[in-house]
Amino acid sequence: MPPFLTSVASTRFPQAFIRRLPRASFHTALSRTMPATPTSWTANRYPPARRSDHVDVYKSEAKGQVRVHDPYQWLEANTDETDQWTTAQEAFTRSYLDQNLERQALEDEIRKNTDYAKFSAPSLKEDNRWYWHYNSGLQSQNVIYRSKDSTLPDFTKEQNAGGEVFFDPNLLTEDGTAALTVTAFSHCGKYFAYGISRSGSDFYTIYVRPTSAPFASQGNLRPSHDDERLPDEIRYVKFSSVTWTHDSKGFFYQRYPSRDFHGSAAEDIAGTETDSDLNAMVYYHRVGTTQSDDVLVYKDEEHPEWMWGTEVSEVDGRYLFLSVARDSSRKNALWVADLDKDTIGPNMRWDKLVDDFDSAWTYIANDGTKFYLLTDEGAPQYKLVTVDLAHPPEQRVFHEVIPEDKDAHLDDVLAIGDHLVVRYLRNVKDEIYVYTLSGERVTRVAPDFVGAARVSGRRQHSWFWATLSGFTNPGIVARYDFTEKEESKRWSVYRTTQVAGLKSDDFLSEQVWYESKDGTKVPMFVVRHKDTKLDGTASAYQYGYGGFSIPMTPFFSAAILTYIQMYGAILVVANIRGGNEFGEEWHLAGTRERKHNCFDDFISATEFLVKNKYAAPGKVAINGGSNGGLLVAACVNRAPEGLLGAAVAEVGVLDLLKFADFTIGRAWTSDYGDPHDPHDFDFIHPISPLHNVPTDKVLPPTLLMTADHDDRVVPLHSFKHAATIQHLLPHNPHPLLIRIDKKSGHGAGKSTDKRIKDAADKLGFIAQSLGLAPRAGP
């Protein structure tokens, strides 16, 4: 997935519980103090916001010129006036959240239940050591560990981190707000390249460190990040991988033009601007040199919005692939250069294998000039094809290896030796299969597993790893070994997340289907504690996304399970149109002129819950982030009065007339349309949350959440929307608030402590708005 497509909603990582107070004493203590009625609210007390006469003029296909008043346009700039307004708003919101006398108890319980060991599948690198990520429980950032030699740690005997610390990002800052964004080991095994982002910005700086020089604490001493690393410092990198050439002399990366106002790499300025991300370039960096010496590989001044992804053929290292994207759709061109015949630089000869933007194309593997590619060309559910680059362009034919399955989305393919590991998404649940290179299905792996899966491995090895998780499964790492002669012995569980306190068996999950407004059948997951009855009395926490081909697959969340057990609520995850749960057609059905389908699907889910007694009337709280924040705000505007009990829109795209003007927003026109196009304006303006706030109905308690370093969906969206709803509905009987986090971005790289506090504020807001009381213990 290109980095600019990722969102807080698409993150897949296991969370679990480990310890908590005994149920009886905890719930009895809460039930004595938590009010069973909503927190009191006095209307018309919002901090004032100046209204200007600013007007923007747009072109409409139907109406000609359209003048749109934008009275809070001044909130788009980082000025003293904006800072004073945001400071007042944050204090006002905090005063409401702090009226929840049990908010701290909720945070404490979430913190206890988050305090468990988290780990990734290991990976064997060229220095003949195993590397993996590990977090002991509440560390701000995950730590990279490695084995001391080629021996893979045995976690049937070792329950801690195992091995030794290789890189600890928690040593970068005191507050845990610096994070690793990208990592890559050289093929010689001697170098480790890594990107560091500060305060959640999408911008990061790449550094290089010898693998012989770990970044780890020495007793009680905190090392300097500069200790023993190489002098390399590569700035202004965004939405990029690090792609080493096989000679280990250097790597390819994407960068943007210099922004001198960022100051030094150690300063915390990147991420606070709103400038458009234009003129991305591909460079090659040679280890041990300065960035000014880097070699320009490709740029396109005629198409400043285009972005570039690089990859080098895995086994032979001969071919450089350049994936060309003009927006955030999964449609890309795919060019190839022969590194054996070309000198790295701006004059490389590109074989434009695919030179249009009609379909998605992803390199999977190659055997010499025979390439394996994953594509949706003529196959909305995707297929695997081969093509021989040795043939002249006019004679090339794409041969099907794994044809499209109309009933399942082919989501990922991994080449291991002479086999293909294939992951399908069928009815929003992952399935793993093993195929031959010729496309013959050999076996299904872990057929009893229900949930989300990730597979990892390398072509030259004889095994692959699978990481399995789900709503009631905090995480399992398993291994499939092709060297075992008996199929039954090839699959083995390597490590299982150990939890205590809340038990997975105490929770139930099911998938149900409901009918949307236009008759489309839509699935959703319902998760509840086994003691929660489906008799129409429970509250519901409904989550959704619906965009950019991102599916909402099962996930494990300590915070959400804490909440639904404490309050006898249910978790609902609706797989609305706009994602790729059922391939590209499902995605397209929630884009552009059809974007309203996402909102209709989500509202219909709420109506289904109430009608079928999954939830009580007026007790459904909706939540989403990024594109999901747009979803929530639009549904607040459109849903029948009284249907929603509360709403939380996180880092949402709320001004659909201006989203394309800031940072990476231009790329989202593939999903939303282009507001500067007269045709598109006519379907965008009527659904833009900022421009369609109803004044003839009561809105539910609403919390907007944003962050000061969010340079993905810039915070001005939430600023302007908060000012607008507070102005238009000052007497709304329910609060309309905004929470503004400091030293945080869109979500990636956020510290564990900040995530816990975010969850406590969000879920606490829902509980106090709905007047929920914790369940009494037995």
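Tutor: A crossing is left-handed if the near helix is turned anticlockwise from the far one by less than a right angle, and right-handed if clockwise. Here α2 passes α11 in a left-handed crossing. Helices are DSSP runs (H or I, at least four residues), numbered from the N terminus. This is a predicted model: local features need pLDDT of at least 70, side-chain atom pairs count only at pLDDT 80 or more, and totals for chains, interfaces and linings use all residues. Residues are numbered from 1 along each chain as its sequence is written, and side-chain values use heavy atoms, with hydrogens and water left out.

Student: Which residues of α2 and α11 make the contact?

Tutor: Contact means heavy atoms within 4.5 Å. On the α2 side you'll find Thr82, Trp85, Thr86 and Gln89, and α11 brings Phe719, Ala722, Ala723 and Gln726.

Student: At what angle do α2 and α11 pack?

Tutor: Axes are lines fitted to C-alpha atoms, for helices over the stretch in contact, and angles run from 0 to 180 degrees between N-to-C directions. Helix α2 (residues 80-97) and helix α11 (residues 716-728) pack at about 65°, their axes 12 Å apart. That makes α2 roughly perpendicular to α11; angles under 35 degrees count as roughly parallel, over 145 as roughly antiparallel, 65 to 115 as roughly perpendicular and the rest as oblique.

Student: And what about α3 and α5?

Tutor: Helix α3 (residues 103-114) and helix α5 (residues 558-567) pack at about 125°, with axes 9 Å apart. That makes α3 oblique to α5, and their crossing is right-handed.

Conventions
Helices (H or I, at least four residues) and strands (E, at least two) are DSSP runs, numbered from the N terminus.
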